[in-house]
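Please read the sequence and the 3D structure below side by side.

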Amino acid sequence: GMIRAALHNHTWYSHGAATTVEMFAAAQKTDLEWFGFSEHSPLPSGYACGLYRHGDLSGVFPEYAREVMELRRTATRPKVLFGMELDWIPSRRDFMETLVAAYPFDYVIGGLHYLGLFSIGSGDWNDGETARFARYDAYYEEMADMAASGLVDVVAHPDFIKLHSFDSFHRWLKKPESLRRVERALMAMVDAGVAMELSSAGLRRAYREAHPAPAILKLAAAAGVTVTFGSDSHAADTIGSEFHVLEAAARAHGFHEHLIFDRRRPVAISF
């Protein structure tokens, strides 16, 4: 058995290194049967990602969509799925609803990158452990809301918040009330039929730990959460990177199916 679908992939349109065509050409050299493009969503006014080469992405997203829809129509191996990684910004529910309805997506990944206007990826994490712990608490509250929203099919990298505060996060995660908070987010996923992403992106970081951490994967298995696999590739050479590590971890926790999507309908695939 092996992981047959990689659903979290980015392109040059946001801050990736390769074009849509180059990413697909690289996917053709793998054993994948399905390859999902999940470019970042355009951002509403007031939000910015300094990494993006095209501002808020609104100008280039239609071109991304056209290219992926054409590949979806023509590509046979791997088959192409048309997705988006939606930035979860609860204060702009109308903006998110319009985005999700604008195209015939196969799936929408919910990316939790902001807490209010605080950017998890680029904000200041030097303000002490009390502030960090409060942020972790808020992150899992938001995750539960995002899962229940009806706007997403998958929760991306479900402990992305450890990115710049790995040791603090693991200290937080050892607390019983923290585990209960995480568990509530996982149960919200189960209740809404939303999958959790297992991502190898963390294995490419200094801390060398996949998303989610083992304790969270264990809780997810017990809760009956469904899963997808991704490498969060922003370059052609990381497509499906270290999937053997993800596969071993998933199997060890009793997972034997992962999801793909067809026009937002989940389809279970054995691995």
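What follows is a walk through the packing of this model.

The model is a predicted one, in which local features need pLDDT of at least 70 and side-chain atom pairs count only at pLDDT 80 or more, while totals for chains, interfaces and linings use all residues. Residues are numbered from 1 along each chain as its sequence is written, and side-chain values use heavy atoms, with hydrogens and water left out.

In soluble globular proteins, nonpolar side chains tend to be buried together. Here a nonpolar core is a set of buried Ala, Val, Leu, Ile, Met, Phe, Trp, Tyr and Cys residues joined through side-chain atoms within 4.5 Å, where buried means under 20% relative accessible area with a 1.4 Å probe and protein chains only. The largest such core holds 81 residues, and those that touch the most other members are Phe-37, Leu-86, Tyr-139, Tyr-140, Met-189 and Met-196. Its largest share, eight residues, is supplied by helix H4, residues 129–148 (helices are DSSP runs of H or I with at least four residues, strands runs of E with at least two, numbered from the N terminus). A separate core of 13 residues includes Ala-5, Trp-34, Val-154 and Ala-156.

Leu-86 also belongs to the lining of the largest cavity, together with residues including Ser-41, Asp-87, Phe-95 and Met-96. A cavity is a set of points on a 1 Å grid over the protein atoms alone where a 1.4 Å probe fits but cannot get out, and lining residues have an atom within 4 Å of a point; its volume is the space filled by probe spheres set on the points, which are joined across faces, edges and corners. The volume of the largest cavity is about 30 Å³. Helix H3 (93–101) and strand S3 (79–87) each supply at least two lining residues, and H3 gives the most, with three.

The whole structure contains 22 aromatic pairs, meaning rings of Phe, Tyr and Trp (its six-membered ring) with centres within 6.5 Å, counted as stacked when their planes are under 30 degrees apart, edge-to-face over 60 and tilted otherwise. One of these pairs joins Tyr-47 and Tyr-114 edge-to-face, at 5.2 Å centre to centre and 80° between the planes. Because Tyr-47 lies in the loop between strand S2 (34–40) and helix H2 (61–74) and Tyr-114 in strand S5 (residues 114–115), the pair ties together parts that are 67 residues apart in sequence. Tyr-139 and Tyr-140, both buried, belong to one aromatic cluster that also includes Phe-118, Trp-125 and Trp-172.

Definitions and conventions: Buried means under 20% relative accessible area, exposed over 50%, partly exposed in between (1.4 Å probe, protein chains only). On a 1 Å grid over the protein atoms alone, a cavity is a set of points where a 1.4 Å probe fits but cannot get out, and a pocket is an open set with protein on both sides within 12 Å along at least five of seven lines; lining residues have an atom within 4 Å of a point.
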